[in-house]
Amino acid sequence: MASASATHHRPVRVCFPAGSNPPLGILSHPSPTLWVIELRNGPDNRLAEQVLLDVIAPALDRIELDWRNTRRKGSDSEEWAPAALILTGDLRQNKFFSNGLLVESIAMRGFFPQIFDPVITRLLTFPIPTIAAINGHAFAGGLVLALACDYRIMTSGRAWCSMNEITFGVSLPPVVSAILQTKLPSPDVLRACALEGKRFTPQEALACEMVDQLAEGGSAGVLHKAIEYAERVENLAAKGVLGTLKKSKYLSVLNILGDDINLPTPHEADTMFRTKL
Amino acid sequence: MAMPSPTFPFNLPAGTSSAPLAIVTHPTPTLWVIELRHGADNRITTHLLLDVLTPALDAVEQDWRATRGPEEGARWAPGALVIIGALDQDKFFSNGLDYLAAIQSEIFFPRIFHPVLTRLMSFPIPTIAALNGHTFAGGMLLALSCDYRVMTSGKAWCSMNEIHFGAPITACTAEILRAKIRSPNVLRACILEGRRFTPQDALANGLVDEIVDGKSADILHKAGEFARRVEGCAVTGVWGIMKKSIYPRVFETATEFAHRMTPNEQQAIFQAKL
C-alpha cells in the first residue's frame, strides 16, 4: 500500500479559532500520516465552549476531509491512507493536559447535549486512531477527553488523572458517565475514579491500564512517545471502517444522544461525510 | 415532617427483645452497623427484607441525613454502613433466599428483593459487606450490592450457585453482577459455572477487596477500618446519586426510574416521606 512520499508532504499548521491571536489551538500535520491538535487555552487548558466548537470541531473536520481525500482503489477494496491523530495540551508547559470544563459551561442549560456531547462522541468514534498525549494533569472533563481517545500516553512526571465531581457534590452527565463505564478498565477502577474521586498517579494509571504507556521528558517526551505509538497504529485507518467499528463498540454511549445510529460501510461513511459539507 | 431520631442500638423487627432478626448499632459518630441474625444461615426472606433490612436502612439513612448543616450549601457528616452476619458465629454471612418461598410470589423479585438491592446499590453513604462466613446466591447479591466487601480468610465460600439448583437470575441481578464483577471470564465462572470462590480466589478475582484472619469480630473490625478510609466520600451528598449514574442498567431493569436528582432534592424527598 503506497503512502504519500514524505518529500511531497507540505506540513500544515492551522490556528483555531480562525484568525485568532493567540490561538486557542493549533492543528498541525507534520507528516503525511500524522495530525496533532495542541490545545492552548490558558494556564490550565479549560475546555471552554470556544475550544470545543471553534477548535476541536473544525480541526476534526479538517483532518477528516483531508484523510477522506486520500481514498483510492486498492487491490480488493477501497483504501484510505494510514493516519493517526494526537491530541495534546499546551506543549510549552508540563503542568496541565486539561483541567476540564468551566463552571459556567456546566451550569449552562443545554451545554452537555448541544455542545459537549456531540464533540466528545465525534472524537470517540473518529475514523482514524486517536491518541491522547497526556502531558500534565487530566481532571474531570480533561480526563474524559483523554478517555474518548483510543489510546493514552501519559507523562511519568508529576500529574494526576481524576474525576473530581464527587468532591463538588455533582453527579455525572449521562455521556460522561457512559464513557467512564465503557472506557475504564474495571469496576474497581470505576469505583475509585468516579465514586472516590481518586487521583491516579501516572504509575497507578498505567498499572490499572487507564493509560497505555508512560513517557519521560515532559511534554516533548510525551509527544515523542505518542508519535511512536501513532506510527504503530496508523494503518488501522486504511480500510475506512474504524469509525464504524468504534460506533458499534460504543453503542451504549451513542444511544444516550438519542440520534439514529447508523453503522455505515466505509464507502457509505465517506459519502455521508461529503454530503454534510 | 421528621420522625424522632432513631436511638441506637435497637432491635428489629421493631419491638423484639429476645432473638431479634437484626441489631442495628452506631458504634462511632460516622459508623453504623447492621448485624443480620436470621437463624442458623441468615436466609433472606420477605420478612427479613421488609421488616428488618428496609427499616434498618431507613434508620441509618435518616440518622445520617440529619447530620446536614442548616446553612445554604451545607455538607453532611462523613458516614459508612457495615452489614455483617450474626456476630456470635463464623459459619454464614448469608445462605441466600428461601428460594421456593420466593418463587411462590410473582412480586417477590420486582417488589421486595430488587428494591432492597437497588436501595443498597444507591445508598447515600459507602456500604461495606463484612462477609463473616459463607456467602451464597442471594447473599452474594446482597454483598455485591454493597460498595465494598471484606471477607474472612477462613473456611467460607462465596458463590452464585443458582446454576446448581436450577434457578435463573433476574435481569436486575444480572446487571448487579455485571456492574461489580471484573471481567467476562470471572462472570462466566461465577454465574454460568456457579464456581465456589474461596476467600483467596475471591480476592484474586476482585470479588472482595480484602480478606481478614480471625473471627466475626475481627472481620467487623477490619470493615470498620475500611469504613474510616471511605466515610469522607459521603460529605458532599452525591455518593448515592453518583452510583445511580454509573450503574444505570441496574436501576433501569428494576423498573425504578433513575431520575438524576440533586442532593437537595433527594434530601427533601426523603424527609417528605417520613
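This is a predicted model: local features need pLDDT of at least 70, side-chain atom pairs count only at pLDDT 80 or more; totals for chains, interfaces and linings use all residues.
Me: Are B:Glu252 and B:Arg249 buried, partly exposed or exposed?
Reply: The relative accessible area is 44% for B:Glu252 and 43% for B:Arg249. Buried means under 20% and exposed over 50%, with partly exposed in between. Therefore B:Glu252 is partly exposed, and B:Arg249 is likewise partly exposed.

Me: Why are B:Glu225 and B:Lys222 separated by about one helical turn?
Reply: The side chains of B:Glu225 and B:Lys222 meet in a salt bridge (3.9 Å, N to O). B:Glu225 counts as partly exposed at 35% relative accessibility, and B:Lys222 is partly exposed at 23%. The separation is about one helical turn because the two residues are in helix α9 of chain B, three residues apart.

Me: Which residue of chain A forms a salt bridge with A:Asp270?
Reply: A:Asp270 is in helix α12 (residues 266-276) of chain A, whereas its partner is in helix α1 (residues 49-68) of chain A, 202 residues apart. The closest N and O atoms are 3.0 Å apart, and the partner is A:Arg68.

Me: How many salt bridges are counted between chain B and chain A?
Reply: One example across the two chains is the pair A:Arg191 and B:Asp209, whose side chains meet at 2.6 Å, N to O. A search of the whole structure finds 32 salt bridges over all chains. Between chain B and chain A, the count is three.

Me: What area is buried between chain B and chain A?
Reply: In the interface, 24 residues of chain B are in contact with 19 residues of chain A. B:Arg182, B:Met242 and B:Ile246 supply 33% of the area that chain B buries there, more than any other three residues. Carbon and sulfur atoms give 58% of the area buried between the two chains, which is about 1700 Å².

Me: Which element gives the largest share of the side of chain B that touches chain A?
Reply: The rule finds eight residue pairs in polar contact across this interface. The elements of chain B that give two or more residues to its side are β10 (148-152), α6 (171-180), α9 (216-230) and α10 (239-246). The largest share is six residues, and it comes from α10(B).

Me: Is strand β10 of chain A largely enclosed or exposed, and why?
Reply: A:Tyr151, A:Ile153 and A:Thr155 point one way from β10(A) and A:Arg152 and A:Met154 the other way, and all are buried. Four bridges join β8 (residues 130-134) of chain A to β10(A), and three join β10(A) to β12 (residues 213-215) of chain A; the strands run parallel in each pairing. Because five of the five residues of β10(A) are buried, the strand is largely enclosed by the rest of the structure.

Me: Is B:Asp88 buried or exposed?
Reply: B:Asp88 lies in the loop between β5 (80-84) and β6 (92-94) of chain B. Its side chain makes a polar contact with the side chain of B:Arg37 (3.1 Å). Because its relative accessibility is 58%, B:Asp88 counts as exposed.

How values were computed:
Residues are numbered from 1 along each chain as its sequence is written. Chains are lettered from A and ligands numbered from 1 in the order in which they are written. Side-chain values use heavy atoms; hydrogens and water are left out. Contact means heavy atoms within 4.5 Å. Buried area is the accessible area (1.4 Å probe) that two parts lose on being put together, summed over both. A salt bridge is a side-chain nitrogen of Lys or Arg within 4 Å of a carboxyl oxygen of Asp or Glu. A polar contact is a pair of N or O atoms within 3.5 Å; within protein, one must be able to donate a hydrogen and the other to accept it, and residues adjacent in sequence count only if both atoms are side-chain atoms. Buried means under 20% relative accessible area, exposed over 50%, partly exposed in between (1.4 Å probe, protein chains only). Two strands pair if DSSP finds at least two bridges between them.
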